[in-house]
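Let's take a walk through this model together, stopping at a few spots worth a look. Keep the 3D view open as you read.

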Amino acid sequence: MSKILQKKDGNGVSLLKKGKKGLFHILFSRMGLILLLLLFQFSVLIHIFQWFEQILPYIFGGSILFTVFMVLYLLNSRLDPTAKITWLIVIMLMPVFGALLFWYTQSDIGHRVLKARLNELVQQTRNSIPQSAEAAAGLMAADPGAASLAHYMLRDGCYPVFDHTAVTFFPMGEDKWAEMLIQLEQAKHFIFLEYFIIDEGLMWGRVLEILIRKAAEGVDVRVMYDGTCEFSTLPHDYPKRLRSLGIKCKMFAPVSPFVSTHYNYRDHRKILVIDGHTAFNGGVNLADEYINHIARYGHWKDTAVMLKGDAVKSFTLMFLQMWNILEAKPEFEAFLSYPTLPPQNASGYVIPYGDCPLDSDKTGERVYMDILNRARRYVHIMSPYLILDGEMETALKFAAERGVDVKIILPGIPDKAAPYALAKTHYASLLDSGVKIYEYTPGFVHAKVFVSDSREAVVGTINLDYRSLYHHFECATYLYQTSCIADIAEDFVATLAKCRTVTKETVRQEKLSRKLAGFVLKTIAPLM
């Protein structure tokens, strides 16, 4: 073990040597070879599509007839209207190439097995967590509108409404991390971690130090992270390194040298479950920028929640559904049977829920839209990105036009130029309807928060962009009349004080280059 572990002073454990990151290392590594093979396959596909483009118009009686057919097909498809417009533009500019690309991306090629397996696991566990009649009746009595939303979420998956759950809100990643370390130290039976990003440093080093010790004590420790970490933070053999220390580890959709639609669906969830009675959820990944130990885009603003009690079962189930995708003998009941140790005086109702990109329900978007449609006084939102389809933009505008105070806090310092430019294409339309927009001056907002009328809120991983709403595996925590909603509302007000106001004048004064970028990129926004 001494050859594997490298202690850092006060930074916990590191399994990687310094100097093993960066573009040079990627180019001359397994990842570099994979990227080269992917590039080769992509170029072959392009040439095949171009060859078809030359001969298919004659087979179908001409490119015009073929284009008309594809336009009619798209108009009658079940795609959302904004995506239809994007594909119509692509196909009208490149009829056959665009049609083949559309067929390739919309087919199940590359993720058919994943889709079938997940559907199987969801069906197996649909009734694993029975809905408490008392909790459902209590929410119905308190708010029939919220109860209808709960009914939809239960229909979409095994996401019951719970009472007897205490929720703590963390206004910063540092706060979540500090409590996370305390709770991890108390683990006795199992620890489940599912995160989009893990990167070695202070935050992960301190967590990993505890995980190694707990695994040695006999605690069942499982770590799952998204395969895109191979591109930037962790080597391909990192799971093997963790397994050598007694920690079970998997990558979701690891990078392989084959072009596949499977890469389009990423595991963007952030879940920590301890012994079935404590869970964490929110926007905070396991990397140093999330606790402001390092500064990448100014000050990093993020949020999270900790659950204690009955609702933790849903996060246990969500983790196990993803973990068991490749398991011959799925494990569910053994972990769902652990006592949840419900607190006695917890107020309100809690619904942890997930969103799967491989089904027809866009749960994340519909929950947000339902909150907007039922709001009476205000809806306050934080999101790192704002790339909206027509339905979500209409919901935001309609809420404001009804007199609801709709405020959105977005980053003042962006992490990516393209999404930042795209976000600004929505500003003028939203402002015209009375939506108020603010940009966080100190840095980057990574929080994903909705809070409405001081009675309901959502904290989770779901951004207001196409990738989160359509292409990622996501999760969030819906809250109704829990005591922490006051803390969420107060945090929004405190964050707002550090923001600059977006006005029609600031929109007019925006850089021409950024306006042009957004203008062009908006045509392909659903593909990003």
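Start in the loop that runs between β17 (449-452) and β18 (456-460), where you'll find Ser454. Keep in mind that this is a predicted model. What is the phi of Ser454? It sits near 60°, a positive value in a residue other than glycine. Is Ser454 buried, exposed or partly exposed? With a relative accessibility of 46%, Ser454 falls in the partly exposed class, since that class covers whatever lies between the under 20% of buried residues and the over 50% of exposed ones.

Now move along to Gln481, in the loop that links β19 (472-480) with α20 (485-496). Gln481 isn't a glycine either, yet its phi is positive, at about 55°. As for accessibility, Gln481 has a relative accessible area of 42%, so it counts as partly exposed.

Next, go back along the chain to a pair of helices. Two packed helices are described by the angle between their axes and the distance between the axes. Take helix α7 (residues 133-142) and helix α8 (residues 144-156): their axes come within 6 Å and cross at roughly 140°. Zoom in on the contact and you'll see Leu139, Met140 and Ala142 on the α7 side, meeting Pro144, Ala146, Ala147 and Ala150 on the α8 side. By class, that contact holds seven nonpolar residues, with no polar and no charged ones.

Last stop: the empty space inside. Rolling a probe the size of a water molecule over the atoms shows where empty space is left. How many cavities of 30 Å³ or more does the structure hold? There is one, and the largest cavity has a volume of about 80 Å³. The largest cavity is lined by 13 residues, and the closest to its centre are Pro384, Pro411, Pro419, Tyr420 and Ala423. Which elements give two or more residues to this lining? They are β14 (405-411) and α17 (417-424), and α17 gives the most, with three residues. Sorted by class, the lining of the largest cavity has 11 nonpolar and two charged residues, and no polar ones.

Methods:
Residues numbered from 1 in each chain as written. Predicted model: local features only at pLDDT ≥ 70, side-chain atom pairs only at ≥ 80, totals over all residues. Heavy atoms only, no water. Axes fitted to C-alpha atoms, helices over the stretch in contact; angles between N-to-C directions. Helix = DSSP H or I, 4+ residues; strand = E, 2+ residues; numbered from the N terminus. Contact = heavy atoms within 4.5 Å. Nonpolar A, V, L, I, M, F, W, Y, C, P; charged D, E, K, R; others polar. Buried < 20%, exposed > 50% of the residue type's maximum accessible area, 1.4 Å probe, protein only. 1 Å grid on protein atoms, 1.4 Å probe; cavity = no way out; pocket = protein on both sides within 12 Å on 5 of 7 lines; lining within 4 Å. Points joined across faces, edges and corners; volume = space filled by probe spheres on them.
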